[in-house]
Amino acid sequence: MSDLDAIIAGRRTAVAAAKRRAPASAHRDAALSRADRRDFVAALLAARTATTPAIIAEFKRRSPSSGDIDPAAEPAAVAAAYERGGAAAMSVLTEAAAFGGSLDDLRAAREACALPVLCKDFIVDAYQIWQAAAAGADAILLIAAILDDNLLRGLFALASALQVAPLVEVHDETDLRRALAIGAGLIGVNNRDLRTFAVDASTVERLAKLVPPGRVLVAESGYRSAADIDAAARCGAGAVLIGESLMRASDKETALRRLRGA
């Protein structure tokens with residue numbers, strides 16, 4: 001079993017356990033009655049320029065590919081630093097077993113800043129979207145490679161109905177065609193192969209050429225310098241998601257300012 005297979009199996013087990021503790025209806029009222037929504041897409045569009053993409057700064061304590069990154073990190077402090085550093089939005093890893101995250105991290109991060117927050121997880125069930133929306137997520141990650149067509153379409157529709165922006169992540173041409181077929185306007189191109197963890201920066205360059213105008217392209221994985229971000233911008237990325245290089249920095253605000261060229 002690959003690490004990806006293990007993560008997905010773990011998420012399915014965790015969702016089943018969560019459903020036994022509290023049905024989806026327990027999250028429904030909070031998800032539907034939110035009065036504090038933050039427009040994730042609008043924040044990216046407002047922050048990007050013709051030559052500079054918006055930055056989505058990520059909070060994660062560890063990852064399967066890198067092990068511990070900043071295991072003692074506190075989401076509220078990191079969120080405040082990212083906001084001061086000029087991030088347009090924030091991503092929070094909420095998967096527990098491999099990344100050490102939780103929805104409590106998302107809540108704490110969101111309370112500590114005014115940035116819209118992406119719930120970054122391995123979403124395999126509609127229940128997780130109800131949970132994330134109730135916890136305050138402004139956007140949700142949907143990984144095309146781990147979802148069949150019907151589930152991808154259904155999860156996309158649910159997130160959209162809840163006004164939680166669905167960021168559809170793709171890794172190849174087939175994923176991208178599927179994302180476009182359901183009308184995805186926010187498309188993440190991940191340079192990282194989820195099964196081998198190898199990073200190939202040419203993935204964004206190759207797939208960006210196939211993304212029609214009017215979509216927001218988010219470049220993911222492998223961005224560590226201002227030059228890397230400039231390269232993504234030249235490919236047509238409207239935003240770049242950066243996690244590990246920021247989380248390894250002792251001064252995350254300064255590190256983010258440097259990445260932005262500020």
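Mentor: Gladly. In this predicted model, the largest pocket has a volume of about 350 Å³. Among its 21 lining residues, those closest to the centre are Arg 11, Ala 18, Arg 21, Leu 103 and Gln 131.

Trainee: What makes a residue part of the lining of a pocket?

Mentor: The cut-off is an atom within 4 Å of a point of the pocket. For the largest pocket, 21 residues line the space. Two or more of them come from each of α1, α5 (103-111) and α6, and the largest share, five residues, is from α1.

Trainee: What is the make-up of that lining by class?

Mentor: There are ten nonpolar, six polar and five charged residues in the lining of the largest pocket.

Trainee: And what about the second largest pocket?

Mentor: That one holds about 190 Å³ of space. His 171, Asp 172, Arg 192, Asp 193 and Leu 194 are the closest to its centre, out of 14 lining residues. By class, the lining of the second largest pocket has four nonpolar, four polar and six charged residues.

Trainee: Why is a space called a cavity and not a pocket?

Mentor: A cavity is a set of points where a 1.4 Å probe fits but cannot get out, whereas a pocket is an open set. With a threshold of 30 Å³ or more, the count here is one cavity. The volume of the largest cavity is about 430 Å³. Its lining has 29 residues, and Lys 60, Lys 120, Asn 190, Arg 192 and Ser 221 are the closest to the centre.

Trainee: Which elements each supply at least two residues of that lining?

Mentor: They are α1, β6 (139-143), β10 (239-242) and α11 (244-247). The lining of the largest cavity divides into 13 nonpolar, seven polar and nine charged residues.

Trainee: Now the helices. How do you know how α1 and α6 are oriented to each other?

Mentor: Helix α1 (residues 3-21) packs with helix α6 (residues 126-135) at an angle of about 65°, and their axes are 10 Å apart. Angles of 65 to 115 degrees count as roughly perpendicular, so α1 is roughly perpendicular to α6. Their crossing is left-handed.

Trainee: Which residues meet where α1 and α6 pack?

Mentor: From α1, Arg 11, Val 15, Ala 18 and Lys 19 meet Tyr 127, Gln 128 and Gln 131 of α6. By class, this contact has three nonpolar, two polar and two charged residues.

Definitions and conventions: Residues numbered from 1 in each chain as written. Predicted model: local features only at pLDDT ≥ 70, side-chain atom pairs only at ≥ 80, totals over all residues. Heavy atoms only, no water. Axes fitted to C-alpha atoms, helices over the stretch in contact; angles between N-to-C directions. Helix = DSSP H or I, 4+ residues; strand = E, 2+ residues; numbered from the N terminus. Parallel < 35°, antiparallel > 145°, perpendicular 65-115°, else oblique. Left-handed = near helix turned anticlockwise from the far one by under 90°. Contact = heavy atoms within 4.5 Å. Nonpolar A, V, L, I, M, F, W, Y, C, P; charged D, E, K, R; others polar. 1 Å grid on protein atoms, 1.4 Å probe; cavity = no way out; pocket = protein on both sides within 12 Å on 5 of 7 lines; lining within 4 Å. Points joined across faces, edges and corners; volume = space filled by probe spheres on them.
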